[in-house]
Structures are given as C-alpha cells and as structure tokens.
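Open the structure in your viewer and keep the selection tool at hand. The tour goes from one selection to the next.

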Amino acid sequence: MTREIHVGAAQLGPIARDESRSEVVDRLIALLREGSERGCRLVVFPELALTTFFPRWWTEDPAGHDHFYEREMPSATTQPLFDEARRLGVGFCLGYAELTADGHRYNTYVLVGVDGSIIGRYRKVHIPGHDAHEPWRPFQHLERRYFEESPDGFAVHDAFGGVVGMALCNDRRWPETYRVLGLLGVELVLIGYNTPLHYAPDPDQNPLQSFHNNLVMASGAYQNGTWVVGVAKGGVEEGVESLSHSQIIAPSGQVVAQATVSGDLIISAVCDLDLCRHYKETLFDFARYRRPEHYGLISSTRGVVDRSEPR
Ligand code: CDT
C-alpha cells in the first residue's frame with residue numbers, strides 16, 4: 001500500500017505593514033479552504049506568514065518591533081485558523097515571529113495536525129543578514145538583530161503518515177539542514193521563505209535567486225531521498241520585491257508543482273512518501289555508504305580551518 005499525502009504549498013503575496021493580523025488570518029483561512037477543496041491533508045504557509053517582513057527596518061530599540069511577534073500560539077487572533085483546520089480536517093504549517101515569556105525572539109514554524117493541535121515547533125537555525133544598521137543598503141536585512149539562533153536545532157515528527165521536518169528560508173541553502181533531517185529519516189521537509197530579489201552584498205546574485213532557490217532545495221531532496229515543499233511570501237512588499245516560485249520537489253529532485261505567478265495561491269501535489277525509499281535504499285543508503293569518520297570537520301568547526309595550524 002502506498003503512503004500518499006496530498007500537500008498544498010500556500011504561497012502568499014505581500015503583507016502590508018499596516019495590515020492587521022486578523023486580515024492576514026482571513027487570507028490564510030481562504031487558502032486553507034482552497035487546499036481542502038483540492039483534497040489537501042496538509043497546507044504549508046511561508047516564513048513570517050502573519051506579518052510583513054519587518055527585519056527590513058531598523059529600530060533603535062529591538063523591542064520597537066515587538067508588535068510583530070506572537071506571544072502565544074494559538075492566540076485569540078490566530079485561533080480561527082486552528083478552528084478551521086480542525087473543521088476541515090486539514091493540517092497546516094505556519095511561520096511567525098515568536099516572543100517567549102522570558103523575552104527570547106525566534107523565527108518560528110509550527111506544525112499543526114488535522115485535529116488543530118500542535119504537533120511540533122521549529123525555531124530557525126541559520127539566521128542570515130546583519131545585526132547593525134547598514135544605511136548603505138537600499139533596505140535592511142536585520143534578522144540577526146531581531147531573532148536569536150535556535151537553541152533546539154532540527155527535529156522530525158511522525159505525522160501525516162510519514163516523517164516530517166521543518167526548516168526556514170536561509171536554512172534551505174545549507175546542506176547540513178537536509179542531511180541532519182535525512183539522518184533522522186525525514187520524508188517530507190517543509191520550508192517557508194522570504195527572499196528579497198536584491199542581495200546587497202553581491203547584486204550579481206540578483207538574477208540567480210530563482211535558480212539558487214531550486215538548486216538548493218532540489219539537491220537537498222535528491223541527496224536525502226525526501227520530498228521538499230518550498231513556500232514563498234513573494235511579490236513587492238513595502239517597496240521590496242521578493243521571490244515567489246514556490247515549488248514541490250520529489251525525492252528524485254524533480255519539481256512536480258511550481259507557482260508561475262506571485263500572489264496568494266495554492267499549488268499542490270500528491271506526495272508518495274514511499275518514493276523516498278528508492279533513493280534512501282539505493283544511491284543514498286546512508287548506513288551502507290556514508291563515511292562519517294571523514295566528516296568530523298563538519299561538526300567540529302564553524303569556519304574554514306587555518307591549515308597553517310598543526311592539527
Ligand atoms: N528570510 C531569509 O532567510 N532570507 C534570506 C535572504 C538572504 S540573506 C540576506 C535567504 O536566504 O533567502
């Protein structure tokens with residue numbers, strides 16, 4: 001018997017700075033319903049799906065952006081999304097800015113089951129951008145000012161009939177993300193992203209954003225024999241254009257569904273989780289072929305080693 005799950009990638013268009021949380025929740029509910037009508041059991045929303053991408057603005061006091069964070073999940077404002085999920089019998093994955101009771105700020109993803117209960121929470125591991133104000137940029141990317149690095153790392157959850165893992169945006173560029181999840185047996189990786197088309201430190205990369213987006217997710221899927229669902233918040237948001245091109249990628253590395261336009265929309269695919277075995281049990285049979293004794297540097301150093309130092 002095959003293990004098939006119909007997954008929807010709920011791409012979002014821009015969220016305006018002054019758009020209220022409940023207006024955004026209404027947009028998410030509309031997408032959840034559309035996913036349900038298509039037959040989806042799981043609908044995946046992007047990173048920071050409740051607010052505009054606020055790290056593009058500097059505030060002298062980091063707490064100046066605290067109104068963009070959620071202090072509880074669900075809250076009175078987000079509860080209608082959880083209620084609708086339970087009513088429809090559709091699970092979802094939602095990205096938001098989390099402010100904990102003891103004052104920690106994380107870029108967070110939460111996985112919610114078809115009964116509306118929380119299955120797992122993931123806090124972004126790789127925090128990109130900068131932490132100081134850099135006025136030379138046309139806009140800021142201050143994630144390193146407004147979010148802490150996850151203290152928890154990566155995890156998988158037995159959910160939706162398979163093994164599900166989460167990652168957020170910049171995490172998708174790092175092979176370690178997929179490999180750690182792969183070593184945990186992941187079959188479905190959910191990744192939300194906000195990727196501005198303009199990359200100030202090296203604008204030569206601007207026209208390559210879509211290429212790189214597919215390159216990293218397709219490689220991660222293939223090299224670990226897993227489905228990958230990449231979901232954008234794209235379009236022109238507060239004057240900054242971000243990548244759309246949401247996509248669902250099979251364990252072969254092939255794209256099986258892709259958004260061709262920006263804006264709020266659903267793409268979906270029936271993901272046969274048993275397809276993962278084709279890769280996990282052949283070319284990427286980790287237990288048979290990996291040589292971890294030669295990979296020590298990956299976890300023992302952060303940057304490039306100084307080869308002039310005796311080792
Ligand atoms: N949200 C996020 O992680 N965005 C980054 C932008 C590039 S770093 C400024 C990304 O990796 O897509």
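**Stops around the ligand**

Select the ligand and K124: an N or O atom in the side chain of K124 is 2.8 Å from an oxygen atom of the ligand. This is a predicted model, in which local features need pLDDT of at least 70 and side-chain atom pairs count only at pLDDT 80 or more, while totals for chains, interfaces and linings use all residues. Residues are numbered from 1 along each chain as its sequence is written, and side-chain values use heavy atoms, leaving out hydrogens and water.

Next, select N170, where a side-chain N or O atom is 2.8 Å from an oxygen atom of the ligand. Then pick E143, which has a polar side-chain atom 2.9 Å from a nitrogen atom of the ligand. Taken alone the ligand exposes 350 Å², and the protein buries 92% of that (Shrake-Rupley method, 1.4 Å probe).

Now show the residues around the ligand, 13 in number (a heavy atom within 4 Å of the ligand). K124, C169, N170, R173 and T195 come nearest. The shell divides into 4 nonpolar, 4 polar and 5 charged residues.

**Stops at the cysteines**

Select C169, which is buried at a relative accessible area of 5% (buried means under 20%). C93 is buried too, at 0%.

How many disulfides does a search of the whole structure find? The search finds 0 (a disulfide is a pair of cysteine sulfur atoms within 2.5 Å).

Definitions and conventions:
Buried means under 20% relative accessible area, exposed over 50%, partly exposed in between (1.4 Å probe, protein chains only). A polar contact is a pair of N or O atoms within 3.5 Å; within protein, one must be able to donate a hydrogen and the other to accept it, and residues adjacent in sequence count only if both atoms are side-chain atoms. Ala, Val, Leu, Ile, Met, Phe, Trp, Tyr, Cys and Pro count as nonpolar, Asp, Glu, Lys and Arg as charged, and the others, Gly among them, as polar.
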